[in-house]
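Please read them with the structure open.

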Amino acid sequence: MSFRLTYATMFNPPAEMHVQFEAALARLEAMFGQRHPLFVGGADRQPAAWATKHSPIDTNVALGEFPLADAGDVDAAMRAANAAYPAWRALPVAERAALLRKAGDLMQQRVYDIAAALTLEVGKNRMEALGEAQETVDFFHHYADDFEKHSGFDHPLPDDPIEGVASHNRSVMRPYGAWVVIAPFNFPFALAGGPVAAALVTGNTVVFKSATDTPWSGRLLAEVLRDAGFPVGTFNYLSGAGSEAGEALAKHPLTAGITFTGSVPVGRQLLQKMAGGAYPRPCIAEMGGKNPCIVTEHADLDRAAAGIARSAFGMGGQKCSALSRLYVHEKVADALIEKLTAQIDAINIGDARKREHWLGPVVNASAYANYARFVLDLEAGGAKLLRGGKQLRNADAARGYYVEPVLAEADLAHPLWKQEMFLPIVMLHRYRDRDDAMRLANDTDMGLTAGFYGDAGEVPWFQDHIEAGVTYANRPQGATTGAWPGYQPFGGWKGSGSTGKAIASFYYLQQYLREQSRTVVE
């Protein structure tokens, strides 16, 4: 099949893709009700407690029973990873890279089953789910290739200029040890698999904790690595509450480093914990976004409307890269609103298992309740709801967490301009002056992604002045969303990220390593 699935190409897939996805969905539905244990020290581990996971698509559907890891499970996983570290670190770069590629190949074979699980436990439509599964395959191959291309970051340096003495120098990057990966619910496979692949290929061992809403995808990742033949203890899978398992991981004395994707408050707490103790330890934290888009009077409005709708409402706005702030020149605001409301009205909402539904449910009861609260807050603050605002109660959505996409024109004093809502809600403001629009776009503590629609001559101005780690100009496939390994690095500025380095960038893998300078005199 010549079609290559990425977030930018998912809008016209071949029919065979749908046939295979539906077959996978049937296989996964046949597994409903099963127990899915932890994976620690190369073996399944039974937890002290289990929790039944229900689908946000239909809350009457019990997907299965999943473990609630406690401090004892965390300790066992950390000890297993620490014990496996010396031998794993000592493996040649080529052998570690080969295992990563083998895992990626297995993942490719299972991409439809993984995607079906993502649809069932997150509520993603099938193309978003398939995109995430395929993205993770690409992470494993990309990081293997990148590490080998850089020869494991082992660099000979000039000899010391000492007459009559051979004093050889070398810079070597070395792993840290047992590395913790904590993934979010919105991309539970890609934002687990990507950091896991990076930590493993650089010689660290891994303890991975899934989000409580998405334990099934975490277990499927564990099964891929198990079946690929990673050595015992090299990779360990936990599922449990952040308040217990996550806290225990951050405090554990064997935790050498952490990669975390999630909220700003939790990310900051982890950064503080990792900076404390006997010595500071690395913490790679990606902490969300409040992403803007500027539309000038010279924009292609059809292109803008398509990109805005896809970025603001795709996956119910539950992406850290989702568009939530829209600044439109007053000369074209009405015309853009007309086109954008037509895009919104064309969105099919419902059971994400069905091909015809582009927008599934939000992830859980908390998100569903937050939607209602934010709509009330918008109305109380004088915002005009141009579209949306209702929790759906039609026949198809009776037992799921379904909501309408919201487009709201709001006064700049409204506090929701500053708050990450993580829902399908975009706020709009009409501006007169281009520089004022840029000031508003940058008026946030976050700086993950940003979008722009205007003429070609305006693009350099946008790129030079916007304070965001990922920028898109005149992109109909997504105003602020859609990064893919090998095509667009993904990482935030300011409060959106702790390192200034982007996922799948030229600089990402080095964060899992520490430099050692070596001098040997003959």
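1. First, the term. A cavity here is a set of grid points where a 1.4 Å probe fits but cannot get out. A pocket, by contrast, is an open set with protein on both sides within 12 Å along at least five of seven lines. The model is predicted. By the cavity rule, six cavities of 30 Å³ or more are counted.

2. Start with the largest cavity. Its volume is about 240 Å³. The lining has 19 residues, and Y7, E135, F187, A483 and F490 lie nearest the centre. Helices α5 and α6 (190-201) each supply at least two residues of this lining. By class, the lining of the largest cavity has 13 nonpolar, four polar and two charged residues.

3. Next, the second largest cavity. This one has a volume of about 160 Å³. Its lining comprises 18 residues; nearest the centre are I284, A285, E286, K501 and I503. At least two lining residues come from each of α6, β10 and β11 (283-286).

4. Now the largest pocket. It holds about 990 Å³ of space. In total 43 residues line it, with F185, F260, G262, S263 and V266 nearest its centre. Two or more lining residues come from each of α8 (242-251), β10 (255-261), α9 (264-275) and α12 (365-380). Of these, α9 gives the most, with six residues.

5. What is the make-up of the lining of the largest pocket, by residue class? There are 20 nonpolar, 16 polar and seven charged residues.

6. Strand β10 gives two or more residues to the lining of the largest pocket, and at least two to that of the second largest cavity. Check β10 in both places.

7. Which residues of α1 are buried? They are M17, H18, F21, A24, L25 and L28.

8. Last, the cover over α1. Its buried residues are covered by elements including α4 (111-122), α5 (126-149) and α7 (215-228). Helix α5 also supplies at least two residues of the lining of the largest cavity.

Definitions and conventions
Residues are numbered from 1 along each chain as its sequence is written. This is a predicted model: local features need pLDDT of at least 70, side-chain atom pairs count only at pLDDT 80 or more; totals for chains, interfaces and linings use all residues. Side-chain values use heavy atoms; hydrogens and water are left out. On a 1 Å grid over the protein atoms alone, a cavity is a set of points where a 1.4 Å probe fits but cannot get out, and a pocket is an open set with protein on both sides within 12 Å along at least five of seven lines; lining residues have an atom within 4 Å of a point. Grid points are joined across faces, edges and corners, and a volume is the space filled by probe spheres set on the points. Helices (H or I, at least four residues) and strands (E, at least two) are DSSP runs, numbered from the N terminus. Ala, Val, Leu, Ile, Met, Phe, Trp, Tyr, Cys and Pro count as nonpolar, Asp, Glu, Lys and Arg as charged, and the others, Gly among them, as polar. Buried means under 20% relative accessible area, exposed over 50%, partly exposed in between (1.4 Å probe, protein chains only). Contact means heavy atoms within 4.5 Å.
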